[in-house]
Amino acid sequence: GFELDMNRIFYLVAPAAALLALGTALPVAGAGPDGAMLFQQRCAACHTVTPGARTVLAPNLAGLLNRKAASTAFNYSPALKASNLTWTRANLDRFLTGPGQMVPGTRMVISISDPAQRAAVLNYITTRPAR
């Protein structure tokens, strides 16, 4: 008859199991957070990126990159008006990490602590056209 050799089965199955486990732990190349989806979930209740669109709760972010803070038609906080910031990628990243720490007195209270999510949102926002 056929005798079951557990050692032989282990040596055949273990490498395949290890590869499967490793494969699920590795990120797929190019995969990452979806900036547009995150913007819709985390930002769009207050902000828009549609050029020329009016907003009530927060400024329009269309054309934001390299724009002077508090420079568009919106009722900005005195703190942001006095901040003298220009929205560079680095400043936006720092601001989204902790708005109140960067600009005490800002009305912006939402932060994005996860660096990958923050980068995805910034990639989305900073590629929206001004017009």
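The model is predicted: local features need pLDDT of at least 70, side-chain atom pairs count only at pLDDT 80 or more, and totals for chains, interfaces and linings use all residues. Residues are numbered from 1 along each chain as its sequence is written, and side-chain values use heavy atoms, with hydrogens and water left out. The chain has six helices and zero strands, where helices (H or I, at least four residues) and strands (E, at least two) are DSSP runs numbered from the N terminus.

**Overall fold**

- Along the sequence, the elements of the protein chain follow the pattern α-α-α-α-α-α.
- The protein chain has 131 residues, and 28% of them count as buried; buried means under 20% relative accessible area, exposed over 50%, and partly exposed in between, with a 1.4 Å probe and protein chains only.
- Of the contacts in the protein chain with a separation of 6 or more, 40% are made by residues 24 or more positions apart; contact means heavy atoms within 4.5 Å.

**Helix α2 (35–42)**

- G35, L38 and F39 are the buried residues of α2.
- These three residues lie on the same side of α2 because they cover an arc of only 105 degrees around the axis; the arc is that of the directions from the helix axis to the C-beta atoms.
- Q40 and Q41 are exposed on the other side of α2.
- The cover over the buried residues of α2 includes α6.

**Helix α4 (89–97)**

- In α4 the buried residues are N91, L92, F95 and L96.
- Their arc around the axis is only 125 degrees, so they sit on the same side of α4.
- Among the elements covering the buried residues of α4 are α5 (99–102) and α6.

- R118 is buried at a relative accessible area of 8%, whereas D93 is partly exposed at 28% relative accessibility.

**Largest pocket**

- The largest pocket has a volume of about 560 Å³. On a 1 Å grid over the protein atoms alone, a pocket is an open set of points where a 1.4 Å probe fits, with protein on both sides within 12 Å along at least five of seven lines; lining residues have an atom within 4 Å of a point.
- Grid points are joined across faces, edges and corners, and a volume is the space filled by probe spheres set on the points.
- The lining of the largest pocket holds 33 residues, and H47, A58, P59, F95 and M108 lie nearest the centre.
- By class, this lining has 24 nonpolar, five polar and four charged residues; Ala, Val, Leu, Ile, Met, Phe, Trp, Tyr, Cys and Pro count as nonpolar, Asp, Glu, Lys and Arg as charged, and the others, Gly among them, as polar.
- At least two lining residues come from each of α4 and α6 (115–125), and α4 gives the most, with three residues.

- A58 is in the loop between α2 and α3 (78–81).
- A58 is buried, with a relative accessible area of 6%.
- Leaving aside neighbours within four places in sequence, A58 is in contact with C46, H47 and F74.
- The C-alpha atoms of A58 and H47 are 5.3 Å apart, while the two residues are 11 residues apart in sequence.

**Second largest pocket**

- The volume of the second largest pocket is about 200 Å³.
- It is lined by 13 residues, with G52, A53, N60, T72 and A73 the closest to its centre.
- The lining of the second largest pocket has seven nonpolar, four polar and two charged residues.

**Positive phi angles**

- Most residues other than glycine have a negative phi.
- A70 has a positive phi, near 60 degrees; A70 lies in the loop between α2 and α3 and is partly exposed, with a relative accessible area of 22%.
- N84 also has a positive phi near 60 degrees; N84 lies in the loop between α3 and α4 and is exposed at 59% relative accessibility.
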